[in-house]
Amino acid sequence: MDCTVVNNVKAATRRGKEDKKVLRKQLKASHTLLKHEGISTASQPTKNLVVANGGLGNGVSREDLSAAMKQFGDVESLFMPPQKPYAFVTYRSEDDARKAHTQLNGQKLQSGENSVTLYLSYVDSVKHKEEVRVHFPEGLALVEDFVSPEEEALLLAAVDWSTSDQGLPEECLPVLHRCLQDGHINVLPDQLTVNQYESGQGIPPHVDTHSAFADTILSLSLGAKTVMEFRHPDGRVVPVVLPERSLLVMKGESRYLWTHGITPRKFDLVPACETRSADHSEPDLDSHGDLTLSKRGTRTSFTFRKIRHEPCCCAFPSACDSQGGSSPSPPSQPSLPSCHADATRLEEEYVHLVYNAIASHFSSTRHTPWPRVCHFLSSLPPGSVLVDVGCGNGKYLGVNPQLITVGCDRSSALVQICAERGFNAFVSDALNVPLRTDSCDACISIAVIHHFSTQERRLAAVRELVRLLKPGGQALIYVWAYEQEYNKQKSKYLKDHNKPQNGGKSKDKPEEVQEPYKEPSVLSASHLDNNHTGDLKDDSKMTEGKLSVHTNRTAFNSQDLLVPWHLKGRKTPGEEESSSGLHTTNSPDSKLSPSVDTSQVPGGSSVPVFHRYYHVFQQGELEQLCIEVTGVKVQTSYHDQGNWCVILKKE
């Protein structure tokens with residue numbers, strides 16, 4: 001047979017196999033969309049397509065997906081729901097949709113640093129959820145292009161990062177006089193804070209101390225744009241895009257009652273077509289289908305305030321430290337759940353929201369895999385499929401490169417960190433992992449199950465791990481131990497109680513030990529005195545009938561408790577807002593959540609304290625939990641640096 005004919009036959013066979021593989025994955029993607037998103041695909045061609053893996057949640061920008069789709073015809077609409085791993089495309093004709101479906105299925109799309117494989121299916125229609133228009137908080141205004149590029153360059157050059165006592169730079173005076181002339185302020189500020197945010201950094205949500213500063217606060221964004229979130233005590237959240245060279249004006253309710261902060265991340269969701277106006281009264285992020293990804297650059301903020309010399313008498317006494325309130329009001333300590341609904345609410349506020357809030361800071365303290373976990377991973381045969389349920393920042397996903405690994409975590413912020421580190425991970429609850437039964441050779445669950453607040457939910461978490469395992473597969477589980485002293489040896493957690501934390505890395509730190517946060521730098525110019533002080537709150541006190549708040553690095557006095565997470569080893573968030581001297585900072589990359597408390601420190605600043613729910617396990621409790629699961633055998637159990645650990649095998 002002619003060589004050319006043979007080669008053609010081989011090529012056709014290869015194409016046939018590839019086409020079948022693409023078809024299988026396309027059908028799998030359709031099934032996943034139906035199961036988890038309720039999206040039904042159509043068997044016959046239509047002009048509407050759903051693009052699996054082509055969503056904002058996969059790190060695909062609107063511009064890149066649109067360019068790929070427009071190669072095959074006129075695109076009538078492109079709808080990309082926020083945080084979702086899919087998008088909807090509507091072509092003007094069915095023929096164009098058919099071309100895209102044929103040519104793009106199974107093809108890779110490069111979007112920035114992300115490479116994804118697209119799988120397209122027809123849908124009968126695209127249903128856009130009706131968007132509720134969210135208004136700016138009362139008293140908030142945004143003025144775009146408030147300074148020119150030339151003024152921006154002068155202001156940035158005026159910052160001397162080598163000294164902390166400069167006074168207000170004279171380059172700021174024309175800007176402030178313009179604010180006065182335009183009616184944004186009625187008196188010139190006498191305090192300036194300069195913050196510099198690198199990509200991936202943020203600032204915790206906070207309310208500037210009432211007793212320290214007068215009403216109007218001005219914030220000038222230079223160098224790059226970002227998204228700032230305003231949160232009302234009732235839970236409403238309003239994201240606001242702050243373009244480069246824009247001026248944010250906070251007065252009244254927006255200044256005194258709403259917290260404002262910036263989530264630490266490297267990409268923001270922003271409107272694809274930004275409209276320019278002199279004075280916004282509406283948020284920029286209310287048209288969810290028209291969003292795209294915007295990579296953050298280095299942003300420098302100039303925040304101007306007027307120092308207050310008399311007590312605050314604002315209209316928000318519950319949030320005012322001068323009137324006996326606090327800013328913001330600390331949440332009341334929760335009780336142990338009495339039903340399933342209580343448990344889910346407790347875990348949402350004191351686990352899920354907290355880890356999403358502290359993700360960047362938390363990840364910076366989780367750098368060294370534990371030796372005994374590494375030994376388990378290294379013992380698995382090459383080619384084994386490993387799932388890390390509750391993977392955090394993915395530090396165990398790359399331990400053994402001979403494994404096929406995937407991670408999942410309830411925190412979308414931690415999953416994003418995994419993706420940035422090149423790991424395969426997705427957002428999922430540990431009680432309902434969207435993977436097939438009997439599909440994994442091994443599972444690990446490191447420092448996860450102790451966050452479930454009832455015995456039933458902890459048992460369900462173990463059952464879910466076992467469900468994923470193939471017969472003969474193994475699971476390694478770690479939970480925090482009530483017994484931090486075992487066999488007359490104290491855990492690292494207790495040993496470090498009296499040691500200063502100097503930022504050195506340790507190979508065997510307990511999973512829940514909080515390491516120091518990188519020292520940021522802040523600049524502030526003002527003439528503040530030290531009258532705005534207060535005592536640090538005693539977190540060890542317990543309100544009767546409520547969960548107790550644990551004192552870090554001490555022995556546990558109860559099994560169900562709240563463990564504080566302090567932003568240690570750095571300037572406190574309030575110092576970015578109210579220090580004495582011109583003080584400059586690369587802002588902290590952490591974020592508060594509804595379950596955050598604050599403590600007053602000198603300078604009128606507030607130290608954020610996050611509270612995480614834990615059920616610490618007593619000796620034998622984890623083994624007993626595992627024994628209740630049918631079809632599984634506990635191979636071994638041990639105590640490792642303040643944790644109880646088991647290795648299970650599915651029979």
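Reply: This is a predicted model, and the turns below cover ring pairs, charges, strands and cores.

Me: What makes Tyr256 and Phe316 a tilted pair?

Reply: Two values decide it. The ring centres are 6.3 Å apart, and rings pair when their centres lie within 6.5 Å. The planes stand at 35°. Stacked needs under 30 degrees and edge-to-face needs over 60, so the rest count as tilted. That is where 35° puts Tyr256 and Phe316. By this rule the count comes to 10 aromatic pairs.

Me: Why is the pair of Tyr256 and Phe316 said to tie together parts of the chain?

Reply: Tyr256 belongs to helix α6 (residues 252-256). Phe316 is in the loop between β17 (299-305) and α7 (340-357). These parts are 60 residues apart in sequence, so the pair ties them together.

Me: How do you know whether Tyr256 and Phe316 are buried or exposed?

Reply: Set each value against the cut-off. Buried means under 20% relative accessible area. Tyr256 has 7%, so Tyr256 is buried. Phe316 has 18%, so Phe316 counts as buried too.

Me: What makes Tyr355 and Phe362 edge-to-face?

Reply: The angle between their planes is 85°, and edge-to-face means over 60 degrees. Their centres are 5.1 Å apart. Both Tyr355 and Phe362 are buried. Elsewhere, ring pairs link Phe79, Tyr86 and Phe88 into a cluster.

Me: Which charges lie over ring faces?

Reply: Arg178 lies over the face of Phe146, at 5.1 Å from the ring centre. Arg305 lies over the face of Phe213, at 5.0 Å from the ring centre. The distance limit is 6 Å.

Me: Why is the contact of Asp95 and Arg98 called a salt bridge?

Reply: The distance from N to O is 2.8 Å. The rule asks for a side-chain nitrogen of Lys or Arg within 4 Å of a carboxyl oxygen of Asp or Glu, so Asp95 and Arg98 qualify. The structure holds 17 salt bridges.

Me: What is the spacing of Asp95 and Arg98 in helix α3?

Reply: They are three residues apart in helix α3 (residues 94-104), so about one helical turn separates them. Asp95 has a relative accessible area of 47% and is partly exposed. Arg98, with 31%, is partly exposed as well.

Me: How do you know that Lys99 and Asp96 form a salt bridge?

Reply: Their side chains meet at 3.9 Å, N to O, and the limit is 4 Å. Lys99 and Asp96 are also three residues apart in helix α3, so they too are separated by about one helical turn. At 45% relative accessibility, Lys99 counts as partly exposed. Asp96 has 14%, so Asp96 is buried.

Me: What makes Arg410 and Asp429 a link between distant parts of the chain?

Reply: The two residues are 19 residues apart. Arg410 is in the loop between β19 (404-409) and α10 (412-420). Asp429 is in the loop between β20 (425-427) and β21 (440-446). Their salt bridge has an N to O distance of 3.9 Å. Arg410 is partly exposed at 35%, and Asp429 is partly exposed at 25%. Separately, salt bridges that share partners join Lys47, Glu76 and Arg92 into one network.

Me: Why is strand β11 called largely enclosed?

Reply: Five of the six residues of β11 (residues 226-231) are buried, so the rest of the structure largely encloses this strand.

Me: What makes β11 and β12 paired strands?

Reply: Pairing needs at least two bridges. Six bridges join β11 to β12 (residues 237-242), and the strands run antiparallel. Thr226 stands opposite Leu242 in β12. β11 also pairs with β14 (residues 259-262), in the antiparallel sense over three bridges. There, the bridge partner of Arg231 is Thr259.

Me: Which residues have the most contacts inside the largest nonpolar core?

Reply: That core has 31 residues, and Val389, Cys443 and Leu622 are among those with the most contacts inside it. Helix α11 (455-468) gives the largest share, six residues. Apart from it lies another core, of 25 residues, including Leu78 and Leu293.

How values were computed:
Residues are numbered from 1 along each chain as its sequence is written. This is a predicted model: local features need pLDDT of at least 70, side-chain atom pairs count only at pLDDT 80 or more; totals for chains, interfaces and linings use all residues. Side-chain values use heavy atoms; hydrogens and water are left out. Rings of Phe, Tyr and Trp (its six-membered ring) pair if their centres lie within 6.5 Å; planes under 30 degrees apart count as stacked, over 60 as edge-to-face and the rest as tilted. Helices (H or I, at least four residues) and strands (E, at least two) are DSSP runs, numbered from the N terminus. Buried means under 20% relative accessible area, exposed over 50%, partly exposed in between (1.4 Å probe, protein chains only). A charge sits over a ring if NZ of Lys or CZ of Arg is within 6 Å of the ring centre and within 35 degrees of the ring normal. A nonpolar core is a set of buried Ala, Val, Leu, Ile, Met, Phe, Trp, Tyr and Cys residues joined through side-chain atoms within 4.5 Å.
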